[in-house]
Amino acid sequence: MKRRILVIAGGLMVLVLLMGVAYRANAEGILEKIEKTGTVTMGLREGAVPFGFIDEKGQWVGFGVDLGEEIHKALEAKFNKPIQLVKKPMDPKTRIPLITSGAIDIGIGSTTITLAREDVVDFSLPYFLTGTRLLVPKGSPIKDFPDLAGKRVGMGSGSTANINGIDQAMAAGLIAPPCEKVLFDEHNKGFLALQQNKIHAYFTDASMLAGMKAKAEKPGDWEIVGRYLTYEPYGILLPENQGEWRDFVNAALVRTIKSGRYQQIYDKWFGPKGQVPLAMSGEFTMLLKALSYPE
Amino acid sequence: MLNYDFDWSVLWRAPYGAMFARGVLTTVHLSLLAWLLALVLGACVGAIRMQPWPPLRRLGGAYVSLFRNTPFLVQLFFWYFAAPLLLSESGQLWLYDNVPDYAYWAGVLGLGIYTASRVAEQFRSAFFSIPRDQYRAAFASGLTSIQAYRLVLIPYAFRLALPTITTEFLTCFKNSALAMTIGVMETTHTASHVEAFTSHGLETTTAASLVYLSLAWTVIAAMGAVERRLRIRGLLARRR
Amino acid sequence: MDLGVITRNAGFIFGGLVLTFELAALAITGGLALGVLLGAARVSRRPWLYWPATAYIHFFRGLPLILVIFWLYFLLPVLTGRNLDEFTAAVASFVVYEASYFAEIVRAGIQSTSRGQAMAAAASGLTGPQAFRLVILPQALRNMLPSLTNHAVVIFQDTSLAYVIGLREFLRRVNLVDAREARSMELYLFAGVVYLVLCSLGALAAQRLERRSPWLSGARRND
């Protein structure tokens, strides 16, 4: 018994020691840090077609990667020197911790701006607009959210905005009796489960569903159905209280949109000849117009 | 200064408190079921590897090297994603409609089968260290081979192997954390799930760590008691 | 079955094997070094060596490796304000975690060395640490070689867990190809076969060591 207590005490000691060395690097501005070190660390998606993924040649590409390049170019223009771009992988579960721990300076994925997330991180202006829908096998009896009653529905376990959305729909009686939520840490595993009939439908952002459908063996076997249950405006992830850095990213974003470069990048990935054909909705077009701030 | 606001209430306030309770319970019964499977299967495979007929022995050896020499993570993915494809399409549909939480059962099966390959090795070395006289006595008293193993040799080997088997039991609990990768809402998955909603990862991960540590200490204490009760009298000491 | 998915991506996937081997090599050497120190402390009669080492070993053996990785990669930076990149974080996690396993192997090895050896060392005028380093440890390490090799195989498999923090080792790359091509069955079976072949070689080596351990006696070093 005495021995066990000592062991526990030892374990606690290790924890206390860890706390003891706890200190926080003084909050220097990220822009100054980038200028001083000459590097910027960017979090990108690795397995989300087409926001960020590894292509057939093993290259890290995607919509978010191209957008990141624009911000990288803006940084080099600002400091008038080459800045090294360090890319780090992030996924829905790791993206917030990576920002709060300071492991990345900026995260460009497919992150919905939510008020809960605003408590711990900052967001850029919304630069992408989509909404949540359903992916089902072609000919499935599921046509809209009420048809989900009593079915098994897959979704991403880190996609808190999606989960809250469907919880509210169930609470409001839109889906009655409620559906069973099946959580996956990555969308691709969820899609595989859908192909294997483990779940009846997969629920997430339409832009992501389009990516899943496009990379299926026979894209024609799948359809995206249902109303837009929620609107999901995406923002670039930034650390809290970095006003200058946030202003810089926003300005770079606005200029990318105004110069038409944003549209080029969109067409490259989502255009009719892109990896994931997805026409830009009217609301989305309007959002981009509203973001075209004057200089 | 630590730039972090601790909020330990994420561990018990609704709805997260209930999530944690369910997560810990899932860890416990998933691991226990897997352990039961591992013990039975491990004893059988261990015994098979002692048999005089070479093909049977080789079968046991193949089982052990197959499951010991691939990462548990890969095995889990196999049981969850690939194994059901071996059934016919209607069989698969029946499986998913009638086994409500397939991921959970894939976790039990995967963890049990993996752990069995390690337990089998402990049993085998225990069989080797059973005194020859026990074998002779068991067979001389007219027991069939299966009876001899079931009634005499496996219980004896179990008692000999108990200390190393305790270690495997602990490992079984810890490995259950990997079931999160196929979506089972056990302790670690719950911790990271609650973190996704609250952004309080320090609190949730600390809680998860303490859960595993207390489980480990409970197992050590319980197995210590079992070991003392089941000690074989007349042996100088436990092996190792 | 569409085995084309493997041939198409073979270059990318096998590229990850290099990282897997690097991770395993660093984890094994680092873990063994720390494990020898901890194992020696475990058999020490000095309480200030014995208890911290015992606490350390019980602490880490009670935690799932996946949690240790989460701690070092996500939470330590929040506490300390210093970042570990994912490679360092993974290696550090493996080293601190596997050391607790190596320590117990080392302890068993030391305890299996005969008492006469220690007495002989003391009689020939070696100090305690000298006796340990020059006489006990080399013999103990030789006794433990099969167990150490077995555990090295386990570590090789454990490196697959680095996938949870996005390190592009072998399994992570299999995963990434899967994200693009949705061919889990082929890819995971393939991953299983690759690990099986590599780990079986390791296990075979351990078996040979077990059977013919005396072959090492000629190769004993003096330091």
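Modeller: In chain A, helix α3 (residues 63–79) packs against helix α9 (residues 243–258) at an angle of about 115°, and their axes lie 10 Å apart. Helices here are DSSP runs of H or I with at least four residues, numbered from the N terminus. The axes are lines fitted to C-alpha atoms over the stretch in contact, and angles run from 0 to 180 degrees between N-to-C directions. The angle therefore makes α3(A) roughly perpendicular to α9(A), a term for angles of 65 to 115 degrees, whereas those under 35 count as roughly parallel, those over 145 as roughly antiparallel and the rest as oblique. The crossing of α3(A) and α9(A) is right-handed, that is, the near helix is turned clockwise from the far one by less than a right angle, anticlockwise being left-handed.

On the α3(A) side the contact is made by Glu70(A), Ile71(A) and Ala74(A), and on the α9(A) side by Val249(A), Ala252(A) and Thr256(A). Two residues are in contact if their C-beta atoms, placed from the backbone, lie within 7 Å. By class, the residues of this contact are four nonpolar, one polar and one charged. Ala, Val, Leu, Ile, Met, Phe, Trp, Tyr, Cys and Pro count as nonpolar, Asp, Glu, Lys and Arg as charged, and the others, Gly among them, as polar.

This is a predicted model, in which local features need pLDDT of at least 70 and side-chain atom pairs count only at pLDDT 80 or more, while totals for chains, interfaces and linings use all residues. Residues are numbered from 1 along each chain as its sequence is written, and chains are lettered from A and ligands numbered from 1 in the order in which they are written.

Contact between them involves 13 residues of domain 1 of chain A and 18 residues of domain 2 of chain A. The touching side of domain 1 of chain A comprises six nonpolar, five polar and two charged residues.

Between chains, 29 residues from chain B meet 28 residues from chain C. Helix α9(B) gives the largest share of the chain B side, nine residues.

Technical notes:
Helices (H or I, at least four residues) and strands (E, at least two) are DSSP runs, numbered from the N terminus.
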